Amino acid sequence: LWNTGNIIEDSISNIRDQVGDDEVILGLSGGVDSSVVAALLHRAIGTQLTCVFVDTGLLRLHEGDQVMSTFTQHMGVRVIRVDAEERFLRELTGVTDPEAKRKIIGRLFVEIFEEESNKLTAAKWLAQGTIYPDVIESAGSKTGKAHVIKSHHNVGGLPAHMRLKLLEPLRELFKDEVRRLGVELGLPSEMVYRHPFPGPGLGVRILGEVRKDFADLLRRADDIFISELRRAGLYDQTSQAFAVFLPVKSVGVMGDGRKYDWVIALRAVETIDFMTARWAHLPYDFLDLVSRRIINEIDGISRVVYDVSGKPPATIEWE
Ligand code: XMP
């Protein structure tokens, strides 16, 4: 019988057979797949695993600290956190084109990961959170967005001179199996059942130029939206939800005064495969609450709008 318990046992004995006493490196993003690989490898080989977590500065509110506390404090996994916010922001200065931003973020990600891995000279293996749908995806079209999406997390982006052997313990598993495995391995279910988050992070949710002050405002707005969705029991009914920063100024009133501040768009969709999506028909009272909280609590935001575009014609992300 194929249950989570024996997937874990099988995987652990396979990993031990493959790796022996060798050291293993894993790029930990905080996403489901790499998190489950980290938990699994830690169970299998303990301190032979070193994770590298690149904090791009384009993550959600407290996300970097959460990743560190889950893995280092609670699970005892060895994680090197690279605080690369300044480097990302510097290279993104003045860049407004979405694909140019994606390329820069992807390139830096690989560069920084490589720099850190090169310091771990004892390592012989590079672990990756490749899952079965990724295997199928990259066997098929090389031109579609799907390939572009994964490219910066793939070994294909890493230089050959690293000469690490590839370890992909989730290669035969579907997403729902990976999630069940994660829960079984003791990962928090909010982490395992989290909405997808794009590799370029807030870099493609701040329209146009990425700035630190914009990222800080966006993080707070997004956190209000997501925590209210959870509180209202709506999080699991939506497939993906997030806030987008619009670098547009709009007039508002605050007491006797006039405000002239930025705009936040809220996006929530329902979808099975993320290829097509319906905008989530969230209750008006709920949207009202979120809008009021964002405008009242975040100095710098004067207006909140809700995105009512389906995919197609619109994409899920705004960039
Ligand atoms: P779109 O915006 O194309 O998004 O409708 C479909 C799904 O893909 C995610 N997405 C990305 N994921 N790198 C990623 O890792 C990217 O560059 C990227 N662009 C979009 C998006 O969040 C949604 O789940």
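In which sense, left-handed or right-handed, does α4 pass α5? The model examined here is predicted. In it, the crossing of α4 with α5 is right-handed. Helix α4 spans residues 85–92, and helix α5 spans residues 98–119. Their axes come within 10 Å. The crossing angle is roughly 145°. On the α4 side, the contact is made by R87, F88, E91 and L92. On the α5 side, K101, I104, I105 and L108 take part. Five of the contact residues are nonpolar and three are charged. None is polar.

At the level of the whole chain, two domains are assigned. Domain 1 covers residues 4–192, and domain 2 covers residues 205–306. Their centres, taken over C-alpha atoms, are 29 Å apart. Ten residues of domain 1 and nine residues of domain 2 form the contact. The side of domain 1 that touches domain 2 holds five nonpolar residues, three polar residues and two charged residues.

The interior was examined next. In soluble globular proteins, nonpolar side chains tend to be buried together. Here, the largest nonpolar core has 76 residues. V24, L26, L41 and A221 have the most contacts inside this core. Both domain 1 (4–192) and domain 2 (205–306) give residues to the core, so the core lies between them.

Notes
Residues are numbered from 1 along each chain as its sequence is written. This is a predicted model: local features need pLDDT of at least 70, side-chain atom pairs count only at pLDDT 80 or more; totals for chains, interfaces and linings use all residues. Axes are lines fitted to C-alpha atoms, for helices over the stretch in contact, and angles run from 0 to 180 degrees between N-to-C directions. Helices (H or I, at least four residues) and strands (E, at least two) are DSSP runs, numbered from the N terminus. A crossing is left-handed if the near helix is turned anticlockwise from the far one by less than a right angle, and right-handed if clockwise. Two residues are in contact if their C-beta atoms, placed from the backbone, lie within 7 Å. Ala, Val, Leu, Ile, Met, Phe, Trp, Tyr, Cys and Pro count as nonpolar, Asp, Glu, Lys and Arg as charged, and the others, Gly among them, as polar. Domain bounds come from an automatic or database domain assignment. A nonpolar core is a set of buried Ala, Val, Leu, Ile, Met, Phe, Trp, Tyr and Cys residues joined through C-beta atoms within 7 Å. A residue is buried if 20 or more other C-beta atoms lie within 10 Å of its own, exposed if 12 or fewer, and partly exposed in between; C-beta atoms are placed from the backbone.
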